[in-house]
Amino acid sequence: MKKSFNEKCFSILRKVQRGRVTTYKEIAKALRCKAYRAVGNAMSKNPYAPLVPCHRVVNANGKLGGFASGSKKKIEMLKKEGIVILNERIDLERYLHRF
C-alpha cells in the first residue's frame, strides 16, 4: 500500500530525537520536494502526537511556527526537552536535525 504525503512526513519526523528540531523545509527536502506548506498542513493534522513529535518542527528561520495546541504548549514541550528559546527563536546551528 502506498503511503500518503502526510504519512511520509510523519515517518520522516519520527527520526527527530528529543532535544532536536527540524524545519518544514528540511522535511520537504527529505521528501525531494519543495512543498513546505504541505508539510505544515500535514503537521497540523498529526493524529499520532506525541509519538510523531510535530512540536519539533519549526520555521527555517528558527521561529516557532504553528502548533495545534498553541505556541505556549509548544514552547513548554521544547523547553522540557532542553531546547533553549530566545526571543521566540531556536538556534538552528545548535539544535537542527538534518536528514
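Ala42 has its place in helix α3; helices (H or I, at least four residues) and strands (E, at least two) are DSSP runs, numbered from the N terminus. The model is predicted, so local features need pLDDT of at least 70 and side-chain atom pairs count only at pLDDT 80 or more, while totals for chains, interfaces and linings use all residues. Residues are numbered from 1 along each chain as its sequence is written, and side-chain values use heavy atoms, with hydrogens and water left out.

Ala42 counts as buried, at 0% relative accessibility; buried means under 20% relative accessible area, exposed over 50%, and partly exposed in between (1.4 Å probe, protein chains only). Which residues does Ala42 contact, leaving aside its neighbours within four places in sequence? They are Asn6, Cys9 and Phe10, where contact means heavy atoms within 4.5 Å. Ala42 and Phe10 are 32 residues apart along the chain, and their C-alpha atoms are separated by 8.0 Å.

These contacts lead to a helix pair. Two packed helices are described by the angle between their axes and the distance between the axes. Here the axes of helix α1 (residues 5-13) and helix α3 (residues 36-44) come within 9 Å and cross at roughly 80°. That angle makes α1 roughly perpendicular to α3. Axes are lines fitted to C-alpha atoms, for helices over the stretch in contact, and angles run from 0 to 180 degrees between N-to-C directions; those under 35 degrees count as roughly parallel, over 145 as roughly antiparallel, 65 to 115 as roughly perpendicular and the rest as oblique. From α1, Phe5, Asn6, Cys9, Phe10 and Leu13 meet Ala38, Val39, Ala42 and Met43 of α3. By class, this contact of α1 with α3 has eight nonpolar residues, one polar residue and no charged residues (Ala, Val, Leu, Ile, Met, Phe, Trp, Tyr, Cys and Pro count as nonpolar, Asp, Glu, Lys and Arg as charged, and the others, Gly among them, as polar).

Cysteine pairing can be considered next. With a disulfide taken as a pair of cysteine sulfur atoms within 2.5 Å, the count comes to zero. Cys9 is in no disulfide, and the nearest cysteine sulfur, that of Cys33, is 7.2 Å away. Cys9 is buried at 0% relative accessibility, whereas Cys33 is partly exposed at 24%.

Side chains of opposite charge can pair when their charged atoms come close. The structure holds four salt bridges, each a side-chain nitrogen of Lys or Arg within 4 Å of a carboxyl oxygen of Asp or Glu. In one of them, Glu81 pairs with Arg56, the closest N and O atoms being 2.8 Å apart. Glu81 lies in the loop between α4 (71-80) and β3 (85-86) and Arg56 in the loop between α3 and β2 (57-58), so the pair ties together parts that are 25 residues apart in sequence. Both Glu81 and Arg56 are buried.

Lys29 forms a salt bridge with Glu26, with 3.5 Å between the closest N and O atoms. Both residues lie in helix α2 (residues 24-30), three residues apart, about one turn of the helix. Lys29 is partly exposed, with a relative accessible area of 45%, while Glu26 is buried at 9%.

Within helix α4, Glu76 and Lys73 lie three residues apart, about one turn of the helix, and their side chains meet in a salt bridge (3.4 Å, N to O). Glu76 is partly exposed at 37% relative accessibility, and Lys73 is partly exposed at 35%. Finally, salt bridges that share partners join Glu26, Lys29 and Arg98 into one network.
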